[in-house]
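Morning, everyone. I have one model to show you, and a few places in it to talk through. Here it comes.

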Amino acid sequence: MNPLTIADIAHENDEVAFAAYTEFVGPALWMRIVRGVHRAKPGTCACRPERPPMFDIADEILGPLCGRCTDLWTDRLMSGYQVVREALAGQVPTITSGPNAGQEIREWIVIREHFASAEAERQDVPVFGAMLRDFAPRERTPPHLDWLRAVWAQLVHYPTSKRIIPTVRRESAAERGLPTRPEVAICSAEWAAPLRVDPADRDILIEFLLGVRDEITDPFSLPDMQLKFGLTAGEVDERLQRSLALLRRYNRDFYERAVAVPLAGAHGATDPDGHGCAGEHVPSVEDACVAEADAHVARSAIIAELAFNPGRGRAHGVGSGVGVGPNLVMARLLQVIIDAGDGRKVDIVALFRRHLRLDEERARAEVARFVGLVVGAGVRWVDVLLRAVDGRAA
């Protein structure tokens, strides 16, 4: 049996078209969704990014499939397919707002024209599905693959970017009885007006509440707030404690649900007398202090790397160079390390060589140093920090 082609997505038979579309877009969409779910809530499921739920009766289903990932994937796969079929029928999506409102979106025009082209009849779906799954958006795309970039943008990136992680974290918060959108309450509720008097205090409190909601290892550590407002860790903590005292005063119930209860749970299970449950390892005070000190050193080093832009030709050590705001090159390299930990295929050493202009030996040494910093600081802590830096750069 001949493989389906990209042109089959435009086939008049809806079953053929959907099969071709699923095999083409499904693996890339599944990989993005599963990685997003795992990043939002590590350990939440055993779904594997490289194994989408695509099989027939004769196939052996390898590994479990959780309802959350499957539902997120199915909803986005079906909605994307519907838009593709409408575009092929002449109903191309249009820009919804701004001076160009009503104009057809250029990427959708490219997608429609390619799916209906003679070239698409010679492109096997399995081959280009793998290319879409492994697509690297930061790399230059050859002109003859501009259509693949358009597909990735509209059918893989847009439906998942900045949507999967917030959705999963809000669902998880609801399951645990926490406020799902604490930032909305702080910014709009009448009772929270005293908490909004100082914008810095407001943002610090919101960042802390989101950290608690998202089960960040150390929600009291707020490096992005230090960067945003030019404050020291001590100054940020002082402002946070002041805001928490106000929160307790003006809405005790909200404080209990958003702060007290989840933080108590994060410190381990206890019996009715308040003692640790049998079998639970409770670290000693000395161990906890050492671990916190190690994390603080690594986090301070990462903040220093992001806050300073090293001069050309100088060593890329902590604190070198002249401060010019978040160093986007270093943020990119830290993100690559996070992505590699999520299973993405990437040559980290090659990227360090290119971006930092180092030879092979020095690049490997820098990779080892940065990996050590990420592990020491905590992967989720670094991830939150990088998303804050990315938001300000955007």
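Buried here is under 20% relative accessible area, exposed is over 50%, and partly exposed is in between, with a 1.4 Å probe and protein chains only. Before going on, this is a predicted model: local features need pLDDT of at least 70, side-chain atom pairs count only at pLDDT 80 or more, and totals for chains, interfaces and linings use all residues. Numbering runs from 1 along each chain as its sequence is written, and side-chain values use heavy atoms, without hydrogens and water.

Gln335 sits in helix 13, residues 328-341. Helices are DSSP runs of H or I, at least four residues, numbered from the N terminus. Leaving out residues up to four places away in sequence, Gln335 touches Arg39 and Leu386. Contact means heavy atoms within 4.5 Å.

Next, Val84, in helix 2. Val84 is buried, with a relative accessible area of 1%. What does Val84 touch, not counting residues up to four places away in sequence? Ile9, Tyr21, Trp108, Phe115 and Leu155. Val84 and Leu155 are 71 residues apart in sequence, and 9.0 Å apart in space, C-alpha to C-alpha.

Last, the helix pair. Helix 2 (residues 67-88) packs on helix 6 (residues 164-175) at about 140 degrees, axes 12 Å apart. Axes are lines fitted to C-alpha atoms over the stretch in contact, and angles run from 0 to 180 degrees between N-to-C directions. Helix 2 contributes Arg68, Leu72 and Arg76; helix 6 contributes Ile164, Val168, Glu171, Ser172 and Glu175.

Conventions:
Helix = DSSP H or I, 4+ residues; strand = E, 2+ residues; numbered from the N terminus.
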